[in-house]
Amino acid sequence: MKGIKLLPFALGIILFFFIPQSSVFAQSKYVLPYPSVMPGSIFYKFNQVKEQILRYWYFGDFGQFHYNLRQSDKYLVEAKTLFDYKQYLLGNIALEKSDGYFEDIYPNFVNAKNNGKNTSEKEIMYKEAAKKHIEELKKVRNIVSSIFIWTPENESPTTLKLWESVDKSLKIRQKRL
Amino acid sequence: MRLVYVFIATLVLFSVFTYAFVDKNLSYLNNLYTGLYFTNRFLLVSIYTFLISILFGCFYFLINHQKKINLKKIIFFTITVTIFAYPAALAFDIFNYITTAKVLFLYQENPYTIYPIEFKGDPYLEFTRAANKTALYGPFWIILTGIPYFLGLGNFIVILFSFKLFIVGFFASTVFLINKIDKNATLFFALNPLVIIETLVSSHNDIVMIFFALLGIYFLKSRKVLSFFSLLASIMIKFATVFLIPVFLLSLFTKFRSKYRYFAISMLVVFFVSPLREELYPWYAIWFIAFTAFLYKNKFLQNLVLVFSFGLMLRYIPYMASGNYFGPTPIIRNILMLSPVLVFLIYSWFRSLKRKNA
C-alpha cells in the first residue's frame, strides 16, 4: 500500500523530465544592469550626487567611455522599469538622460584614437550595447501609448509624446550600429 | 673580516643568478634570455638554496660580530652589487608598478577604474602579470611612481632601472632613519638577506610604506603634524600600516615605553592576516622586520625572525622547481617555510634544557 501512495510522487518526477522546455535565446550578448534606486527613494538624490562625483573619478578617454555607457545603461533600465509601472513622466526623463549619456560616448573614441589608443574592443562593446538598447527600446515602444497626458494633482497637465521619444532614442542608437 | 667578502661575493653571484629568470616575453631583454628556468629547474633551485643559505649564514655571524664591521661600507657595496640585478626573478610586481604608472601618466586614465589589459597592443602587456586588475596600491604610491616613470624618458630599460633606483633611495633613507632612531638596530634590518633581496633586487614598494611609517614614528613626539601626515602617507601606499594606528595614538598621548614591541606585533598580525586577502608573500616580512630590529636585546626573538626570514625565502623553491602554483606547491611552500622555525624552536628548547641541567 505504501508503494501506491508514492506512485503519484514518482510519476511527478518522471513527468518533470518530459515537460516541453521552451528555449530562449538572447539576441545580444550585452548584459544590462539590474534596476538601481528609483525616483522617490531617499537614496535617489544621493545616487545623483555620486553620479556627478564619479564623472571626475572616471577621467580619461576610456574612463569616460565606461562612465557614460554605465550611466546610459542605468537610465535605460530605469526608464523601462518606470514605463512598466506606468510612471510615464519620470520614465521619459530617464530615457532622455540615457540618450544624453549614450551620445556622450562617441566623442571619447575620437579622443582615444587621437591619443594613440586602440579602440577596436570598445567599439565592439559600444555596438553590442546599442543593439541591446534597441532591443529594450522596441519592447518599451510596445507597452506605451503614442501620446500620454500626464496630469499631476494641482498642476497643469503635460503631454508626453512617448512614441516620438522612443523613436528618437532608437535613432540615436541605430546611428552607431 | 672575511665573512663580509663572502657576503658581498654571494650577493654578486645572486645578482648574476637573477638573470636566469629573464622573461621570454620581455623583448627589451631578449639578448639575455636563456630559458634556464624552463630547462634547468633543478640546477636553479640548487643554486638558489645554496646562495640563500650562505647569505643567511653570513648574516647570522655578522649580527654576532657587529662591532668588528664597517656597516656603512657593507651597505654601500650591498646596494652597488644588487642594483643591476634583474628585478623580476622572484616576483613580477615591478612590472605592475611600471604598467600602472603608464596607465596614469602616459594614457592619462584612472588606474583604479581602467585595467591595463584595455590598452590593446601595448608592449608592456606581454610581461605584466596583473594586467587584468585595476591598481592594487594606494594613491600616494601611484603618484610617487611618476618620478621614476618620467625619469625613464619612455625607454623601458631606463624606466625599469629608475624604479630600482627609486626603491634603493627609500632603502637607504629607511636605513638612515633606523640608524638615527637606534644605531644598534641598523644591521639587523639593513643586512637581512630577505630585506636585501625583496627590496634591492625585487624592488617591492613595502620599503616605501615602511619608510613613511618610521618617519611618522621618528617625529612622533617632536613634530606631531608631520608625524601624522607621514603615517597617513605610509597608509596611502599600501594600507597595511593602518594597523599601526592604535599603538601610534597610544604613543602619541602617553609615555608608552615598549612601543616598538607593539608596532612589531601589530605588523606581525597584518602579516599573518594577509593570506586572507591573497597569500603570504615573503616580502611582507619587511613590515615586521623593520620593527623587530629595535628589539635587539631579545636575542631569541631576533634569531627567530632570522630563521623565519630564511624559511620565507625558501617559499620560492616549489614554484622554481615545478613552474606551477597549484597542486602540492602551496603545501610544500608552507612546509619549507615552517621547517627552519621548527628546527630552531626544538634546538632552543634542548639548549634551555641543557642549561637547566648544567
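Helix 4 of chain A passes helix 6 of chain A in a left-handed crossing (left-handed if the near helix is turned anticlockwise from the far one by less than a right angle, right-handed if clockwise). The model is a predicted one, in which local features need pLDDT of at least 70, side-chain atom pairs count only at pLDDT 80 or more, and totals for chains, interfaces and linings use all residues. Residues are numbered from 1 along each chain as its sequence is written, while chains are lettered from A and ligands numbered from 1 in the order in which they are written.

The axes of helix 4 (residues 88-114) and helix 6 of chain A come within 10 Å and cross at roughly 15°. Axes here are lines fitted to C-alpha atoms, for helices over the stretch in contact, and angles run from 0 to 180 degrees between N-to-C directions. The angle makes helix 4 of chain A roughly parallel to helix 6 of chain A (under 35 degrees is roughly parallel, over 145 roughly antiparallel, 65 to 115 roughly perpendicular, and the rest oblique). Helix 4 of chain A contributes A:Tyr88, A:Asn92, A:Leu95, A:Asp99, A:Phe102 and A:Glu103 to the contact. Helix 6 of chain A contributes A:Leu162, A:Ser165, A:Ser169, A:Ile172 and A:Arg173. Residues are in contact if their C-beta atoms, placed from the backbone, lie within 7 Å. By class, the contact between these two helices has five nonpolar, three polar and three charged residues. Ala, Val, Leu, Ile, Met, Phe, Trp, Tyr, Cys and Pro count as nonpolar, Asp, Glu, Lys and Arg as charged, and the others, Gly among them, as polar.

A:Leu162 lies in helix 6 (residues 162-174) of chain A. It counts as buried, with 21 C-beta neighbours inside 10 Å. The cut-off for buried is 20 or more other C-beta atoms within 10 Å of the residue's own, with 12 or fewer for exposed and partly exposed in between; C-beta atoms are placed from the backbone. Residues up to four places away in sequence aside, A:Leu162 touches A:Tyr88, A:Asn92, A:Val144, A:Ser145, A:Ser146, A:Ile147 and A:Phe148. A:Val144 is 18 residues from A:Leu162 along the chain, and their C-alpha atoms are separated by 6.9 Å.

Chain A as a whole has six helices and two strands. Helices (H or I, at least four residues) and strands (E, at least two) are DSSP runs, numbered from the N terminus. Along the sequence the pattern is α-α-α-α-α-β-β-α. Chain A has 177 residues, of which 28% are buried. Among its contacts with a separation of 6 or more, 65% join residues 24 or more positions apart.

The contact between the chains takes 11 residues from chain A and 10 residues from chain B. On the chain B side, three residues are nonpolar, four polar and three charged.

Within chain B, helix 1 (residues 2-17) packs against helix 4 (residues 71-82) at an angle of about 15°, with the axes 9 Å apart. Helix 1 of chain B is therefore roughly parallel to helix 4 of chain B. The crossing of these two helices is right-handed. B:Val4, B:Ile8, B:Leu11, B:Val12 and B:Ser15 in helix 1 meet B:Ile74, B:Phe77, B:Thr78, B:Val81 and B:Thr82 in helix 4. This contact has seven nonpolar, three polar and no charged residues.

The largest nonpolar core holds 130 residues. Such a core is a set of buried Ala, Val, Leu, Ile, Met, Phe, Trp, Tyr and Cys residues joined through C-beta atoms within 7 Å. B:Phe189, B:Ala285, B:Ile286, B:Trp287 and B:Ile289 touch the most other members. Helix 11 (residues 206-218) of chain B gives the most to this core, with 10 residues. Beyond its neighbours within four places in sequence, B:Ile289 is in contact with B:Phe189, B:Asn192, B:Leu194, B:Val195, B:Val305 and B:Ser309.

Helix 10 (residues 193-201) of chain B has nine of its nine residues buried, so it is largely enclosed by the rest of the structure. Its buried residues include B:Pro193, B:Glu198 and B:Val201. B:Ser203 follows this helix, in the loop between helix 10 and helix 11 of chain B. B:Ser203 has a positive phi of about 55° although it is not a glycine. With 29 C-beta neighbours inside 10 Å, B:Ser203 counts as buried.

B:Gln108, also not a glycine, has a positive phi of about 55°. B:Gln108 is found in the loop between helix 5 (93-105) and helix 6 (139-144) of chain B. With 13 C-beta neighbours inside 10 Å, B:Gln108 counts as partly exposed.

Key. Two residues are in contact if their C-beta atoms, placed from the backbone, lie within 7 Å.
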